[in-house]
Amino acid sequence: MTQVTVKELAKVVDTPVERLLQQMREAGLPHTAAEQVVTDNEKQALLTHLKSGHKAKVEEPRKITLQRKTTSTLRVAGSKSISVEVRKKKVFVQRSPEEIEAERKREMDERRAVENAARQKAEEEAKRRAEEDARNQPAAGQPASAPAQPVAAAESVREAPAPAAAAPAPASAAPSADARKRDEQRRPDKPRADDRNARGGDGERKNAPHRASVKEKAPAPRVAPRTTDEESDSFRRGGRGKSKLKKRNAHGFQSPTGPVIRDVAIGETITVGELSAQMSVKAAEVIKFMFKMGTPVTINQVLDQETAQLIAEELGHKVTLVSDNALEDSLAESLKFEGESFSRAPVVTVMGHVDHGKTSLLDYIRRAKVAAGEAGGITQHIGAYHVETERGMVTFLDTPGHAAFTAMRARGAKATDIVILVVAADDGVMPQTIEAVQHAVAAGVPLVVAVNKIDKPGADLDRIRSELSVHGVTSEEWGGDTPFVSVSAKMGTGVDELLEAVLLQAEVLELKATPSAPGRGVVVESRLDKGRGPVATVLVQDGTLRQGDMVLVGSNFGRIRAMLDENGKPVKEAGPSIPVEILGLDGTPDAGDEMSVLADEKKAREVALFRQGKFREVKLARAHAGKLENIFENMGQEEKKTLNIVLKSDVRGSLEALQGALGGLGNDEVQVRVVGGGVGGITESDANLALASNAVLFGFNVRADAGARKIVEQEGLDMRYYNVIYDIIEDVKKALTGMLGSDVRENILGIAEVRDVFRSPKFGAIAGCMVLEGTVYRNRPIRVLREDIVIFEGELESLRRFKDDAAEVRAGMECGIGVKSYNDVKVGDKIEVFEKVQVARSL
């Protein structure tokens with residue numbers, strides 16, 4: 001707590017000590033001497049007392065005068081200029097509550113007087129009309145005397161208020177209102193319609209009462225009365241009551257007495273403008289609030305749900321989180337179908353470590369050589385095949401075993417009914433084997449273990465059972481529930497037993513499907529074919545898919561123009577558990593997207609566009625949030641070196657795998673950024689993107705067209721083709737290593753100890769040294785150490801042995817050393833000779 005004396009406080013506030021002590025006594029403080037200490041609480045009490053004393057004396061100003069002066073110059077003939085000065089003055093007076101109350105009472109009195117006058121006038125008009133009607137009825141037979149009576153009546157009406165006008169007017173406002181009303185009554189009393197009709201022909205005279213009654217009905221007798229000031233203003237302007245009626249001192253907006261709390265509905269994304277509109281505040285207020293939070297935004301900035309919720313709650317509003325999936329819910333309702341269910345074939349996914357023989361096992365089952373056609377002998381695509389066996393049909397999904405294809409294996413596990421886990425008998429359980437077990441357990445799919453390569457000499461079944469039991473896969477022989485089958489994909493041993501075990505598991509699962517329902521399935525793989533456009537490999541899970549159906553696949557849609565089986569033969573329809581390739585989509589869907597058959601194109605287009613917009617908004621919002629989270633972390637740090645890559649692949653699954661594998665490379669100094677990726681050949685736009693972003697072009701199982709090759713040759717871009725995923729990863733690692741640069745390391749070459757110091761007129765201090773370790777070189781940098789502390793770093797000026805210049809002196813020999821620009825060498829110092837070596841860094 002800060003404490004000062006009374007004397008110091010008086011000096012700070014620039015007041016005499018006696019005056020300050022008097023004020024402290026008035027505030028009830030016990031201080032009597034200048035050296036006493038004043039605490040923060042006592043200062044606060046003194047300040048409160050002084051403020052309360054000043055409050056009574058100081059009155060707020062009630063009148064504000066604003067003056068403005070503008071000067072302009074007028075040019076006249078003869079090159080003369082006249083200076084014109086315009087002065088404006090405005091006075092604003094703050095009225096007291098008493099004045100406001102008096103004004104309100106006066107207005108009410110005026111309004112009441114006007115209402116009474118209007119009521120009196122209406123009664124007189126009704127009475128006069130009744131008298132006129134009574135006079136007009138007997139006057140129908142005497143047309144000559146008819147005009148005189150209405151005129152006399154009108155004159156009597158004009159003269160009737162005269163005595164009232166002669167009465168003395170008191171000071172109140174009500175008589176003045178009556179006088180103005182009488183003036184208003186006199187003005188419109190020109191010859192009325194019935195007078196004009198009476199002076200006209202007989203035909204007009206017959207219609208006179210009817211016209212007068214129509215005219216009299218126009219003004220309603222009980223309308224809200226105008227104030228006398230407004231009436232006088234309207235007549236002064238020459239109007240006849242046609243001016244707009246405005247209540248005096250009435251405002252259209254009433255200031256709220258407290259903060260208004262509103263219910264704000266926030267979807268998955270919302271713009272700043274939409275959020276401010278729901279909270280009924282200006283967008284600038286929200287932007288200012290975000291700036292205070294350290295987040296620069298614009299009015300059209302898309303916010304994610306969490307950020308928008310935080311803003312709305314901080315500003316004191318109630319937040320309701322809503323889902324934007326009303327369209328999706330209606331789609332799910334429309335896809336419900338009830339029909340007779342039949343048993344369907346099982347979908348079996350083959351999983352395991354790389355090069356354990358998954359594809360070779362499938363080859364034997366299918367009697368086809370797929371693995372021989374794969375680059376490098378490893379599977380880099382996901383394949384779907386259905387095989388007719390003696391006991392029924394089985395659909396197989398072949399997944400890659402390489403580490404980069406984790407997401408692809410996870411999708412295979414979700415779309416399947418049974419997983420065959422292939423383990424090489426000579427290799428045992430490997431990392432991808434464990435990962436496959438985890439995928440199967442996460443998807444809740446039963447396992448069948450196929451121990452492959454049992455024909456090899458090093459096969460050990462018990463070791464594999466033991467290693468898998470550690471991960472929760474226990475064989476039936478050991479009391480578990482997982483069948484273990486020994487097979488040889490090369491010789492065909494045990495394949496029938498494996499199929500028997502798979503079909504037995506399928507019977508236990510009781511797999512059902514409704515063939516009469518509209519087709520529904522999942523995308524296994526997709527690619528962009530140069531001649532056929534987007535091609536998607538789809539596994540039908542329920543219903544029947546037919547050529548010509550309108551399908552919705554993720555955020556893509558289209559009508560099926562053609563369907564092909566896994567052998568490339570066209571088919572017209574595909575039932576449950578049948579994999580087919582479909583043509584006709586408007587883009588390449590992501591692997592794992594759900595496929596649904598819809599009734600009309602309009603619905604499919606609507607849902608697809610909704611999903612595309614939603615995906616774009618969510619992606620933008622998350623990207624922006626990520627940038628904002630890292631904006632302060634990256635401040636003050638050196639920018640990372642980035643290797644930009646434009647990546648094109650033959651199929652979507654390989655593209656995702658490559659993007660994931662390349663994105664994981666790098667460290668704190670270098671990183672990989674895939675600026676563009678897609679399915680299909682390398683096009684001219686890809687080459688332009690690589691040129692604009694200074695990126696390297698990678699083609700995985702694709703080639704560049706003529707336009708792209710021309711740009712690559714003209715601009716000298718780096719474009720490479722690959723067909724094995726390992727090669728891409730290794731090349732990118734080498735490139736990142738080159739971007740890291742090199743580290744500088746020091747190697748100590750030799751150490752010499754100073755035994756004596758000589759003075760030379762030419763070189764200054766010369767150290768007579770004995771080389772203790774290594775070799776002392778003349779042209780290398782040195783350090784002078786005294787008691788193992790570096791006191792100088794420089795280079796040698798001379799190195800001599802027996803008065804002869806020497807290039808180097810080895811250990812155990814004496815020499816004379818002259819240190820350049822340093823003469824403070826002492827006996828016992830050590831001279832260390834070193835060299836700097838650049839060493840390449842690695843990730």
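## Briefing: cores, a buried lysine, aromatic pairs and cysteines

Leaving aside its neighbours within four places in sequence, K648 is in contact (heavy atoms within 4.5 Å) with G677, G678, V679, G680, G681, I682, D686, F698, G699, F700 and V702. The model is predicted, so local features need pLDDT of at least 70 and side-chain atom pairs count only at pLDDT 80 or more, while totals for chains, interfaces and linings use all residues. Residues are numbered from 1 along each chain as its sequence is written, and side-chain values use heavy atoms, with hydrogens and water left out.

- K648 belongs to strand 26 (residues 641-649); helices (H or I, at least four residues) and strands (E, at least two) are DSSP runs numbered from the N terminus.
- With a relative accessibility of 7%, K648 counts as buried; buried means under 20% relative accessible area, exposed over 50% and partly exposed in between, for a 1.4 Å probe and protein chains only.
- The K648 side chain reaches the backbone oxygen of G681 at 2.8 Å.

**Nonpolar cores**

- A nonpolar core is a set of buried Ala, Val, Leu, Ile, Met, Phe, Trp, Tyr and Cys residues joined through side-chain atoms within 4.5 Å.
- The largest such core has 25 residues, of which V348, L361, I365, F396, I420, A450 and L498 touch the most other members.
- Two or more residues each come from strand 10 (347-352), helix 16 (358-366), strand 11 (383-389), strand 12 (392-398), strand 13 (418-424), strand 14 (447-452) and helix 20 (495-509).
- Helix 20 contributes the most to this core, with seven residues.
- Apart from its neighbours within four places in sequence, A450 is in contact with L361, I420, L421, V422, V423, V485, V487 and L498.
- A second, separate core comprises 22 residues, including I645, L655, F700 and M739.

**Aromatic pairs**

- Rings of Phe, Tyr and Trp (its six-membered ring) pair if their centres lie within 6.5 Å; planes under 30 degrees apart count as stacked, over 60 as edge-to-face and the rest as tilted.
- The count by this rule is two aromatic pairs.
- The rings of F698 and Y722 are edge-to-face, because their centres are 5.4 Å apart and their planes stand at 80 degrees.
- F698 is in strand 28 (residues 696-700) and Y722 in strand 29 (residues 719-722), so this pair ties together parts 24 residues apart in sequence.
- F698 is buried, at a relative accessible area of 4%, and Y722 also counts as buried, at 8% relative accessibility.
- F792 and Y822 form a stacked pair, with 4.6 Å centre to centre and 15 degrees between the planes.
- This pair links distant parts of the chain, 30 residues apart: F792 lies in strand 33 (residues 789-801), and Y822 in the loop between strand 36 (814-819) and strand 37 (830-840).
- F792 and Y822 are both buried.

**Charges over rings**

- A charge sits over a ring if NZ of Lys or CZ of Arg is within 6 Å of the ring centre and within 35 degrees of the ring normal.
- R703 lies over the face of Y721, 4.4 Å from the ring centre.
- The charged end of R780 is placed over the ring of Y777, at 5.4 Å from its centre.

**Cysteines**

- The structure holds zero disulfides, a disulfide being a pair of cysteine sulfur atoms within 2.5 Å.
- The closest cysteine sulfur to that of C769 is in C815, at 5.3 Å, which is too far for a bond.
- C769 is buried, with a relative accessible area of 2%, and C815 counts as buried at 6% relative accessibility.

Definitions and conventions
A polar contact is a pair of N or O atoms within 3.5 Å; within protein, one must be able to donate a hydrogen and the other to accept it, and residues adjacent in sequence count only if both atoms are side-chain atoms.
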